[in-house]
Amino acid sequence: MREMHRMLVPGGRAVVSVNQGFAHNRVYEQFNAVLQKLMGIPALASTFSFGDPQALKLLFTQAGFHNVDVKKVTVNVRFPDERAFITATMMASPSAVQAFKVLAPEKRAALVAPLYDEMQKIFAFYRQDEYVVLPLAMNIGSGVA
């Protein structure tokens, strides 16, 4: 945050989006539990670990921003199918990417089917026509340099 503040011209605005915690993102919490079960790591934990809006506000303030605001926002994220969700979510998680890197290609491919099978019950609640539509709760923080 301090580097962002340093790079902005006076009066420039910074905006940051971070996921709220698992308590507000149950689908991702369930997916993380499946990943923990199948891979042995909480692959999404870091992606959803900074959900406290007051902590985000404090980071902005400590970095020197003023007119700091943090809003809680929930958006619907639409995927063409379950596999697209699994792939996108895995590739967005630094922990999952690292865990996948060390797996041999055949083990990586073999992991997708069990992930898909485990998630089917969960996805059933989020089907809208041919899409999977999931809520994603975030904190959007902004401040002026």
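**Note on a helix pair and selected salt bridges**

1. At 34% relative accessibility, Arg127 is partly exposed, a class lying between buried (under 20% relative accessible area) and exposed (over 50%), with a 1.4 Å probe and protein chains only. The side chain of Arg127 meets that of Glu82 in a salt bridge, 2.7 Å from N to O; the term denotes a side-chain nitrogen of Lys or Arg within 4 Å of a carboxyl oxygen of Asp or Glu. Glu82, by contrast, is buried, with a relative accessible area of 6%.

2. The model is predicted: local features need pLDDT of at least 70 and side-chain atom pairs count only at pLDDT 80 or more, whereas totals for chains, interfaces and linings use all residues. Residues are numbered from 1 along each chain as its sequence is written, and side-chain values use heavy atoms, with hydrogens and water left out.

3. The side chains of Glu82 and Arg127 form their salt bridge between distant parts of the chain: Glu82 lies in helix H4 (residues 82–92) and Arg127 in strand E3 (residues 127–128), 45 residues apart. Helices (H or I, at least four residues) and strands (E, at least two) are DSSP runs, numbered from the N terminus.

4. Helices H2 (residues 26–39) and H6 (residues 105–123) have axes that come within 10 Å and cross at roughly 145°. These axes are lines fitted to C-alpha atoms, for helices over the stretch in contact, and angles run from 0 to 180 degrees between N-to-C directions. The crossing of H2 and H6 is right-handed, meaning that the near helix is turned clockwise from the far one by less than a right angle.

5. In the contact between H2 and H6 (heavy atoms within 4.5 Å), H2 contributes Val27, Gln30, Phe31, Val34, Leu35, Lys37, Leu38 and Met39, and H6 contributes Leu111, Pro114, Leu115, Glu118, Met119 and Ile122. By class, these residues are 11 nonpolar, 1 polar and 2 charged. Ala, Val, Leu, Ile, Met, Phe, Trp, Tyr, Cys and Pro count as nonpolar, Asp, Glu, Lys and Arg as charged, and the others, Gly among them, as polar.

6. Lys37 and Glu118 also meet through their side chains in a salt bridge (2.8 Å, N to O). This pair joins helix H2, which holds Lys37, to helix H6, which holds Glu118, across 81 residues. Lys37 is exposed at 57% relative accessible area, while Glu118 is partly exposed at 24%.

7. The structure holds 5 salt bridges. Among them is that of Arg6 with Glu3, whose closest N and O atoms are 2.6 Å apart. Arg6 and Glu3 are separated by about one helical turn because they are 3 residues apart in helix H1 (residues 2–7). Arg6 is exposed at 55% relative accessibility, and Glu3 is partly exposed at 46%.
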